[in-house]
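Reader: I have a protein with its ligands to look through. Could we go over it together?

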Amino acid sequence: MTLSESAAAPVGEVVLEAVGLTKHFPVRRRLRDLFSGTKAAVHAVDDVSFTLRRGRVTALVGESGSGKSTVARLLAQLYPRTGGDILLHGKSTTVKGGRGFRSYVKRVQLIFQDPFGSLNPVHTVRYHLTRSLKIHGNAGRTAADLEAALANLLTRVSLTPPERYVDKFPHELSGGQRQRVAIARALGADPEALLADEPVSMLDVSIRLGILNLLRDLKERLNLAILYITHDIASARYFADETMVMYAGRMVEGGDSETVTQNPAHPYTRLLIESAPDPDRIEGIADPTVMDRGNGEPPSLIRPPAGCRFNPRCPHAMPRCKVDLPPRLEIGDREGHWAACWLYDAETVAKEGIGSAAEGSSDIPTPPALTLTEEAR
Ligand SMILES: Nc1ncnc2c1ncn2[C@@H]1O[C@H](COP(=O)(O)OP(=O)(O)O)[C@@H](O)[C@H]1O
Ligand code: SF4
Ligand SMILES: [Mg+2]
């Protein structure tokens, strides 16, 4: 598909779907496990489902260790999956290298957190971009075509005039400029989907907004489907159309970004928002330690808690939460807003008799204001 064709695809067209995506990493067995026959594994990602659409940014939010990068790597086909499926334009897709992998990465590109680590320090910008254009068949036929394609890529990421940047080495560029080169390299494939794994978290706060604005501009101009991975829910509200929240390998809430961030339903999402109190604070966002302060510890992913994985930290936990895994339950305030939480199951709340989810409203379930228990602290 050429750039003009791909950009002409309808906005909202489904590009990529994760269906019950699961990844368990086996861990080295101890002698005791050998005798007991236990197979220990890190349950990094369990039953994760979502859709990436053209012209839309979908944010995947969660604290460190919640499984976000593993989801990105699974979608990029860098890891084999333990279970579930990845659908590209509705077709189940598994590639393990070779030609199949190349044709997949032409359509689905991954951008890493650390632009310095992802660019080879001994090669220039020209080398990185030329390689991407050539591998994906977008370099044209002549030297002039290639120069034009290089200039086009650099212009698209606002590294202008292109001749000022094209022969620079990574160390001659700022962090933001390096991330722009990494984005340009991904665009060299003319992809349909970009998987951006914490693309601004290693950058100086003053340039984060510029990179997010660039990605938003590319989403609109090139009609890209973007997965934006972040530990910072404030930036998701600013940048993403849809937001999904992950906790300990499972998705716990999803919906349009405005609703999830303004009316969070899941107690964990509320906790995240409490930890990042000012959603408009895009400039000062993403202190990676912020979410870990005083909110209890995420559980072990080798032996994750039964039932709802958030139950050891949740101030609203009911007996059922420790036994049964909550399904996705519609919240009812906005179409598509859901939370995996028993507070939104009227029968459970009636039976277990703890803090009615429907308190304060006849039709919109509103869990009681989240205050941390001593235990959760
Ligand atoms: N290659 C691996 N082998 C074993 N465990 C891993 C591997 N990659 C990630 N994990 C574990 O999986 C969990 C999720 O990690 P990750 O996806 O990197 O989370 P996040 O990106 O949200 O910080 C963590 O407990 C991490 O230690
Ligand atoms: S109320 Fe229960 S299901 Fe909901 S988050 Fe708390 S522990 Fe999980
Ligand atoms: Mg990560």
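This is a predicted model: local features need pLDDT of at least 70, side-chain atom pairs count only at pLDDT 80 or more; totals for chains, interfaces and linings use all residues.

Reader: How many helices and strands does the protein have?

Author: The protein has 14 helices and 12 strands. These are DSSP runs numbered from the N terminus: H or I over at least four residues for helices, and E over at least two for strands.

Reader: Which residues are around ligand 1?

Author: They are Phe25, Val42, Ala44, Gly62, Ser64, Gly65, Ser66, Gly67, Lys68, Ser69, Thr70 and Leu301. Being near a molecule requires a C-beta atom, placed from the backbone, within 6 Å of it. Helix α3 (68–75) and strand β2 (41–53) each supply at least two residues, and α3 gives the most, with three.

Reader: And by class, what is in that shell?

Author: It has seven polar, four nonpolar and one charged residues. Here Ala, Val, Leu, Ile, Met, Phe, Trp, Tyr, Cys and Pro count as nonpolar, Asp, Glu, Lys and Arg as charged, and the others, Gly among them, as polar.

Reader: Which residues come nearest to ligand 2?

Author: Of the 14 residues around ligand 2, Cys308, Asn311, Cys314, Cys321 and Cys341 come nearest. The shell around ligand 2 holds 11 nonpolar, three polar and no charged residues.

Reader: New topic: at what angle do α9 and α10 cross?

Author: The axes of α9 (residues 175–187) and α10 (residues 205–222) cross at roughly 15 degrees and come within 10 Å. Axes are lines fitted to C-alpha atoms, for helices over the stretch in contact, with angles from 0 to 180 degrees between N-to-C directions. The two helices are therefore roughly parallel, a term for angles under 35 degrees.

Reader: Back to α3: why is Ala72 called buried?

Author: Ala72, in helix α3, is buried because 22 other C-beta atoms lie within 10 Å; the cut-off is 20 or more, with C-beta atoms placed from the backbone.

Reader: What is Ala72 in contact with, beyond its neighbours within four places in sequence?

Author: Ala72 is in contact with Leu110, Leu195, Asp197, Leu227 and Ile229, where contact means C-beta atoms, placed from the backbone, within 7 Å.

Conventions: Residues are numbered from 1 along each chain as its sequence is written. Chains are lettered from A and ligands numbered from 1 in the order in which they are written. Angles under 35 degrees count as roughly parallel, over 145 as roughly antiparallel, 65 to 115 as roughly perpendicular and the rest as oblique. A residue is buried if 20 or more other C-beta atoms lie within 10 Å of its own, exposed if 12 or fewer, and partly exposed in between; C-beta atoms are placed from the backbone. Two residues are in contact if their C-beta atoms, placed from the backbone, lie within 7 Å.
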